[in-house]
Structure formats: structure tokens, C-alpha cells
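Here's a quick walk through a model, with the cut-offs spelled out as they come up. Have the viewer open as you read.

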Amino acid sequence: MAEVDSDTQSEGRPPIYEFEDQQLLDLAEELSHSNAAIKAETEVFERYFSRIDPKDLLPQPLAEQPLLGLSAQEFSQFRGRRKSKSSSMTAERLVRLTVEQKCDVAQRELEEMRDALERLKEGSERVLSNYKATVEESEIRMCELKKASYEFDRDIGRSMLERKGVMMGAEKVIRYIEDKSRTKDTLIEKLRLKKAALKVQKRKLQMQLKQKEEMGEALHEVDFQQLKIENSQYLEKIDERNQDLLGLKLLAGNTLQVLNAYKKKLQNMTSESNNLTSELLSRKEMLMKIAAETIQVEEERSKAETVNKRLRGQLSDYQVPNVLDYVTGKASHSDLEQSVHIWERKVEISEMALKTHIQTWNKLKMANGKALDWPHV
């Protein structure tokens, strides 16, 4: 408290007990900000101090080692005044780092943090690349396992499920595994031979390059520039081809969509045609039934006409019978006339139905655009 009072008095401020509440709050906030800044500076200086070589911290002659930028005379004055309170406060002010020293420390810490971030970034990228390689390898391995499982189910699993012979299934599995092992051995041998051929080719290219370097035919900067130009031209051509390929892929996709749409329309038209065909067959069967009924009605009508003619002939040759015979004949005659009237009405209805079906048939012919044969009656 006394130190704060002395600081306020040294700065020309009134004593702290004369401050008002708002002034005290402002002073406390100002002190908290200054403490935070000093704390940050202290942390930076501690990190910087922790990286200094311990040999640099050993005591040296005053003429050789000034204290943080202090001269020998200032340091001796500092030691002479250290016993008193005022001299200790002066030494504290003298021990404080200058702005240039603070900037130097901050710059070194910034560089150190950048280096640490760069190292961390490189390590992270290396770990990320390792993880990506592991994931790619796992995906390739998963695809191979799925393919092997599918082939095993296709070649062995289905036959083992269909056939219940256990011994035969085991022999087939063993034969399948042996075939796969031989295939892998063959692939390994091919890869080994390819690796050996690539090694020989690499050795030859290295020898050719060495010979060119010895003969003074090594590539110069102009050649590299020419190769770069050719490479850029080829890359532009590759980009153009990729754009063309992309356009062709889009065109193929659009064509496939149109083809699918036409396929759907064709399926719909096929279903409609099947429906129309079934409807035509049903109507044709109905017309055949109507024609058969018409033939039957015509036969019955002809029979009824024959009977009617016979009855009319008998009526013309009729002689007055007895009253009872007359009554009986009259009743049968009225029944026959009613029957004839019913059959004539049936014939009219059949003819009207036949006309309706003929009109429907003509409409169907016009709708399908085909010449459909009318069923022979």
C-alpha cells in the first residue's frame, strides 16, 4: 500500500485514500491491464530464458559482462545502492529491459514459434500422408477381400449349399485355395521379373547419363527450359483432351437420360398395346358369341316362320270346329302369336346389338390403323 502511495505521489497524483470510487475502479482496471501485459512479457522472457545456454548464465567480470545492457559503472552504482529502498527501486528500474531488447526477445520468440509451427505442420502432413496411405491400402485390401469373397461364394459356396457332400466340398475348397496360391505365386514371380527388368533399365539409364556427363553432353539450362515449354504444351493438350472427354461424358449422360425416357415411353406403349390387344380379343370373343346367338335366333326365326306358314295354311283351310275346339285353338293361337312377337323382338334386339358392335369394331380399326377381319358369321 505504501508502494502504491509512493508511486502515486511520485507521479504527481493525490494519495490513494483521496480517490473516489470511480477513480479507484479505473486505477484497478489500469493496473490489471498493466499486470496482464507484464505477465505476458514475463512468460515470453521465461521461454526465451529457458532456451539460453547455461554457460551464458555463469558470472563473468563486470568489464566483460554487462547486466542486460548495463555498463560496468551503472552496475557498480546498482550494487552500491542495493541496500537502501530507494536504491533498490532505482536498480529495479535499471534492470528492466529496454524497448530494443524486448523487441529482440519478441522477434526471437516469434521466429521460434514459426519454426515450431513449421515443424508441427511438417509432422502433421507426414502423419496425414501416412494415414491417407494406410486408408488407401485398407480400401484396396477391402476391395480385394470383397472380390475374393465374391469369387469364393460364386465358385464354392453355392455348389456347397446345393450339394450336401461334405468331403467333396472340402476337397473343392482345398483345390480352390491351391489354385489361388498358385495364381498369387505367379503374380509375385511376374512382379519380381518386372522389378528386375526395371532395375536393369534404371542401371542402363544411369550408365547412359554418366556417359553423357563424362562426354560433356549433359543437359544445360536451355534444354531444361525447352523441356519445360514442351511439358507445358503437352499439359495444355492434356487439359484440352480432358475437357473434350468431360464434354463427351456429359453428352453420353444426356443421351443415356433421353434413351431411358424413350425406353419408359416404349414400355408404356407396350403395356397399352397389350391392354388394347386383350380388349380386342375380348370384344372379338363377344362378337363371336353374338354372331352365334344371331345364327341361333335366325334358325329359330325360320322355324317360327315355317310354323307360322303352316298354321296360316291350316287357318286358310280351317273349317268351323266345335265351340270347345275353337276356344282351345284360339288360346293356342294367341300363345303362338305372343311367342312369335317375342322372337321378333329378340331378333330386333340382336340386330341392334350387332349394329352397335359393328360400329365399335370399325372405331377400333380406325384407332389401330390396321385392317381387322370381321369374324365370319
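## Overall fold

The chain has 8 helices and 0 strands, where helices (H or I, at least four residues) and strands (E, at least two) are DSSP runs, numbered from the N terminus. Along the sequence that reads α-α-α-α-α-α-α-α. The chain runs to 377 residues, of which 9% count as buried. Buried means under 20% relative accessible area, exposed means over 50%, and partly exposed is in between (1.4 Å probe, protein chains only).

A word on the ground rules: this is a predicted model, so local features need pLDDT of at least 70 and side-chain atom pairs count only at pLDDT 80 or more, while totals for chains, interfaces and linings use all residues. Residues are numbered from 1 along each chain as its sequence is written, and side-chain values use heavy atoms, with hydrogens and water left out.

## Helix α8

Helix α8 takes in residues 323-368, 46 residues in total. From first C-alpha to last, α8 reaches 67 Å, close to the 68 Å expected at 1.5 Å a residue; the expected span is 1.5 Å times one less than the number of residues. Which residues of α8 are buried? They are V347, S350, W361 and L364.

## Salt bridges

Side chains of opposite charge can pair when their charged atoms come close. The rule used here asks for a side-chain nitrogen of Lys or Arg within 4 Å of a carboxyl oxygen of Asp or Glu, and the count comes to 10 salt bridges.

Take R141 and E144: their closest N and O atoms are 3.5 Å apart. Both sit in helix α5, 3 residues apart, about one turn of the helix. R141 counts as partly exposed because its relative accessibility is 45%, and E144 does too because its relative accessible area is 43%. Another pair is E112 with R119, whose side chains meet at 3.8 Å, N to O. E112, at 29% relative accessible area, is therefore partly exposed.

E305 is partly exposed at 37%, and R301 is partly exposed at 28%. R301 and E305 also belong to a salt-bridge network with E298.

## Surface patches

Patches are built from residues with over 30% relative accessible area and no salt bridge, joining like charges within 9 Å and nonpolar side chains (Val, Leu, Ile, Met, Phe, Trp, Tyr) within 5 Å. Lys and Arg count as positive and Asp and Glu as negative, with His and the chain ends not counted. Each charge is placed at NZ of Lys, CZ of Arg, CG of Asp or CD of Glu. Areas come from the Shrake-Rupley method with a 1.4 Å probe, and for residues only the protein chains shown count as cover.

The negative patch gathers E111, D115, E118, E122 and E125. Its member D115 lies in helix α5 (residues 99-162) and counts as partly exposed because its relative accessibility is 39%.

Which residues gather in the patch of positive charge? K195, K199, K202 and R203 do. K202 lies in helix α6 (residues 166-214), and K202 is exposed because its relative accessible area is 52%.

There's a nonpolar patch on the surface as well: Y234, L235 and I238 have about 310 Å² of accessible area together. Y234 lies in helix α7, residues 221-316.
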